[in-house]
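Me: Got a new model here. Can you walk me through it, quick and plain?

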Protein chains: 2
Amino acid sequence: MSGTLYGIGVGPGDPELITLKALRILQSAPVIAWPAPPEGESLARSIAAPHITHDPVEIAIRMPLEITQFPNRNVYDQAAVEIGKHLSAGQDVAALCEGDPFFYGSFMYLYERVAPNHPVVVVPGISSLMATAAASGGPLSSRNDLLSVVPAPLPEAAISAALQQADSAAIIKVGRHLGKVRNVLETLALFDNARYVEHATMPQESMRPLSDVAGDTAPYFSMILVHKRGEAWR
Amino acid sequence: MSGTLYGIGVGPGDPELITLKALRILQSAPVIAWPAPPEGESLARSIAAPHITHDPVEIAIRMPLEITQFPNRNVYDQAAVEIGKHLSAGQDVAALCEGDPFFYGSFMYLYERVAPNHPVVVVPGISSLMATAAASGGPLSSRNDLLSVVPAPLPEAAISAALQQADSAAIIKVGRHLGKVRNVLETLALFDNARYVEHATMPQESMRPLSDVAGDTAPYFSMILVHKRGEAWR
């Protein structure tokens with residue numbers, strides 16, 4: 001009997017934003033796996049840390065974290081082999097995922113490698129998208145809004161086209177693309193509608209109008225919400 | 001001292017998909033409020049029911065549920081007055097929201113009415129978007145995908161334009177618009193990439209390719225995910 005690989009969303013940062021289901025699976029899994037930078041702490045593990053009380057076997061999946069860098073396949077191949085050994089021995093493995101596993105998450109690289117051979121279950125988590133909206137003081141989308149999630153590394157023309165079409169947008173992966181995003185929003189006369197949120201649900205959470213944000217770079221954990229109706233509930 | 005209005009996401013259906021934070025607030029609130037149809041059960045309350053063990057005062061906000069119908073302002077005006085009385089008396093009120101409060105949620109109608117006079121805190125929840133992706137067997141979005149959430153009541157041309165631009169799309173509020181959506185997907189040669197999910201995380205959850213779905217209507221709790229790369233992780 002194979003064990004099951006669970007991809008569990010641990011939420012956006014506040015350890016209290018984990019679901020009961022994710023908590024139950026986390027606390028009963030004999031093996032946990034988590035993504036981490038080449039050296040140092042795993043954010044996903046640090047979010048889950050207050051809940052890990054049972055001394056599981058731990059598998060670190062260490063990957064470069066740069067926004068623009070796509071995954072090194074060897075790292076995931078190796079992680080899948082290691083996880084597969086535990087699954088084949090009948091042990092469940094809980095893979096911890098920041099936010100939600102299937103919303104721009106690296107869990108899919110494990111999923112595609114493990115799912116052909118073992119049961120895989122995804123437990124959804126609170127994504128940065130919902131956490132940011134909650135912190136922003138206004139709805140993400142309503143009624144029949146076309147809502148688009150726009151990665152800031154896209155070319156300026158693609159960002160502009162997406163923002164022109166959507167009623168509401170969440171611009172993610174802002175980082176060093178803040179200047180470009182600001183230009184697009186100014187050109188489209190959407191700048192005054194943009195709400196900037198950093199580190200949603202984390203202790204250092206900060207929300208302000210984009211017009212109050214200086215410089216051309218933003219932290220990794222930042223997002224810009226913009227709604228054409230300004231206050232979406234009007 | 002005013003009480004606080006908490007908008008708490010109770011998640012998409014499975015009572016275990018509530019967060020620890022939402023649970024804590026729900027179980028300590030002396031007053032809870034929930035949306036419901038004109039007669040009968042509230043879905044949000046039924047999701048939360050296993051967790052309500054403390055006999056709170058309950059405020060029903062009864063609204064027509066038709067997908068195309070926008071809210072009756074009087075109902076929310078009246079609910080805000082009733083909730084405001086408890087807040088002014090120093091009592092916290094937990095408003096239960098299906099999924100996430102700010103993702104196409106009716107909570108915004110309370111928010112706009114109450115926030116000018118009392119503290120309001122939004123506790124994000126697992127949205128139907130993430131629940132559907134988890135059930136669908138593949139990522140919602142990855143890398144630098146442009147992800148769009150497309151309400152099916154939009155005109156066919158708007159749906160088509162959105163799907164042409166996006167890399168990945170979630171088509172929501174399908175209901176009686178299934179035939180129209182199917183036509184658009186066929187015209188754009190995206191039909192074979194479409195995954196249909198009904199009642200994600202509920203006991204009657206069902207996932208299948210859209211090509212296996214007959215008829216021109218779908219349940220309220222259904223969603224279609226479509227990704228241009230087919231399997232998003234490739």
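Me: What am I looking at, and how is it numbered?
Reply: This is a predicted model: local features need pLDDT of at least 70, side-chain atom pairs count only at pLDDT 80 or more, and totals for chains, interfaces and linings use all residues. Residues are numbered from 1 along each chain as its sequence is written, with chains lettered from A and ligands numbered from 1 in the order in which they are written.

Me: How do chains A and B superpose?
Reply: A rotation of 180° with 0.0 Å of shift along its axis puts chain B on chain A, with RMSD 0.0 Å. Contact means C-beta atoms, placed from the backbone, within 7 Å.

Me: Switching to the sheet. What is the strand order in chain B?
Reply: The order is β3-β2-β4-β1-β5, an open sheet of five strands with parallel pairing. Strands (E, at least two residues) and helices (H or I, at least four) are DSSP runs, numbered from the N terminus. Two strands pair if DSSP finds at least two bridges between them.

Me: Which strands stand at the edges?
Reply: β3 (57–62) and β5 of chain B. Each has a single partner strand, so one side of each has no neighbour in the sheet. The twist averages 20° from one strand to the next.

Me: What packs on that sheet?
Reply: Helix α1 (residues 20–28) of chain B does, touching β1, β2, β4 and β5 of chain B. Its direction makes about 135° with that of β1(B). Axes are lines fitted to C-alpha atoms, for helices over the stretch in contact, and angles run from 0 to 180 degrees between N-to-C directions.

Me: Now chain A. Why is β2(A) largely enclosed?
Reply: Five of the six residues of β2 (residues 31–36) of chain A are buried, so the rest of the structure largely encloses this strand. Buried means 20 or more other C-beta atoms within 10 Å of a residue's own; exposed means 12 or fewer, partly exposed is in between, and C-beta atoms are placed from the backbone.

Me: What does β2(A) pair with?
Reply: It runs parallel to β3 (residues 57–62) of chain A over six bridges, with Pro35(A) opposite Ile61(A). From β2(A) the chain crosses through helix α2 (residues 43–48) to β3(A), a right-handed β-α-β crossover. Right-handed means that, with the strands pointing away from the viewer, the path from the first strand over the helix to the second runs clockwise. β2(A) also pairs in the parallel sense with β4 (residues 93–97) of chain A over three bridges. There, Val31(A) has Val93(A) as its bridge partner.

Me: Back to B. How many residues of α4(B) are buried?
Reply: Seven of the eight, so helix α4 (residues 107–114) is largely enclosed by the rest of the structure. Among them are Phe107(B), Tyr109(B) and Arg113(B). The buried residues pack against β1 (5–9), α3 (73–88), β4 (93–97) and β5 (120–123) of chain B.

Conventions. Two residues are in contact if their C-beta atoms, placed from the backbone, lie within 7 Å. Copies are superposed by least squares on the C-alpha atoms of residues with pLDDT of at least 70 in both.
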